[in-house]
Amino acid sequence: MKQKKVLCAGIAAAMLMGLAPQMVLAADTADILDYDFRTYDQDVSGDGWEWDADGRILSLDGLQLTVDDSNAPNRKGAICLPKDSILYLDGDSEINVDGYGLHAIYAEGDLTVRGGNDLVVRTGSASSSVIYVYKGDINLEDGVFLEVYPEGHVLYVDEAKGKDGVVNIYDKAKVEIHDPDGDNFEYIDKDRLVMVTYRSPAKPTDEWLNFSEKYDKDYETITLSKKTVTEKPEEPEEKPEEPEDKPEETPTETHVFQIKIGETYLVKDEGERIALDVPAYLSEDGYTMLPLRALLNVSKEGVKIDWNQKDKIATITYDDTTVVIPVEGTNKTVTINGKETTLVTAPQTVNNRAFLSLRDWCTVTGMSTDALQWDGATKTVTMTVEK
């Protein structure tokens, strides 16, 4: 990548005085920029990167960047970009981040990644993302290849809007995801690798996630690529059948609960407040934790909990199902009708209260985790429950 040179502010004065102007390499501004281009309106370049302010294009060519809490306190990302930006991979580069809530690439609006080279990204926190976009879309195009080793999310869109694609992968672009711990994704919730949150009146659609996903157990990778469309064969026309008299179905009763981190109540159907004796909190790996007894409020009908204080074991029963949950240390293993199942995060005991994550509660009580929606801005979980 060619380095652009930026004239210092004193050049004009130097020329008037007959002095030879001196050129200042843009790399010297790296400490000032701190790789935050959101308000920088001048073209500038450094070692492995080049910023085109008018086009809002950041080109990477050989960038080697490592950022953690010690050198980036209170930063949203190792690289921060304004809305409608383009990240162009002009050469192979690498970004390593390790810090709570510190993303590798943060954009305040639509972000498009283009080019034909590789970008390797490693994140060290469950609250971090490889690419995090606020109120915008993520578009991967051309021959972009992202090789990622995430402890948290890979692609995250916060407060998505519209009906079209929110996370889009086009052309030959690919994202190759590796388990950073080398456990073949045994302890990683694969459903959380790509996350999209939204606020009313936005409504999620099938078009929001515009890519295909393939898990290769032998190579221990998950690959995201352009969505493949399979044409369905034409089905023979069927003659309409005479309607049958069917008994009227009882409508399903649905309730929507909102659980906000730190509050001592949850909200039912946007009106009724249900008191909690202790507030919900986030676990170290980013899951919403609630006391077992409080979880009964967000359960389908017929769920019961029996707590064995001596052995620290919770037994949950519903329908023909029995779930046994040991609450001790970092144990994530529970049994459902005698068959062992691994939770996404270990149950915890706080102030003599047994806590379980909302995601694991859905799993052990037979509810879909699609019922959960996380709003990172307000730290609120919205949960839809069919009673």
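Buried means under 20% relative accessible area, exposed means over 50%, and partly exposed lies in between (1.4 Å probe, protein chains only). By that scale R353 is partly exposed, at a relative accessible area of 34%. The model is predicted, so local features need pLDDT of at least 70 and side-chain atom pairs count only at pLDDT 80 or more, while totals for chains, interfaces and linings use all residues. Residues are numbered from 1 along each chain as its sequence is written, and side-chain values use heavy atoms, with hydrogens and water left out.

The whole structure contains 8 salt bridges, a salt bridge being a side-chain nitrogen of Lys or Arg within 4 Å of a carboxyl oxygen of Asp or Glu. Among them are these pairs:

| Pair | N to O distance |
|---|---|
| D34 and R75 | 3.1 Å |
| R38 and D36 | 2.7 Å |
| R353 and D277 | 2.5 Å |

The salt bridge of R353 with D277 ties together parts that are 76 residues apart in sequence, because R353 lies in strand β34 (residues 353-357) and D277 in the loop between β25 (272-275) and β26 (281-282). Helices (H or I, at least four residues) and strands (E, at least two) are DSSP runs, numbered from the N terminus. D277 is partly exposed, at 49% relative accessibility.

D34 pairs with R75 in a salt bridge. The two are 41 residues apart, with D34 in the loop between α2 (30-33) and β3 (44-46) and R75 in the loop between β6 (64-68) and β7 (77-81). R75 is buried at 16% relative accessibility, whereas D34 is partly exposed at 31%.

R38 and D36 belong to a salt-bridge network that also includes E108. R38 is partly exposed at 26% relative accessibility, and D36 is partly exposed at 25%.
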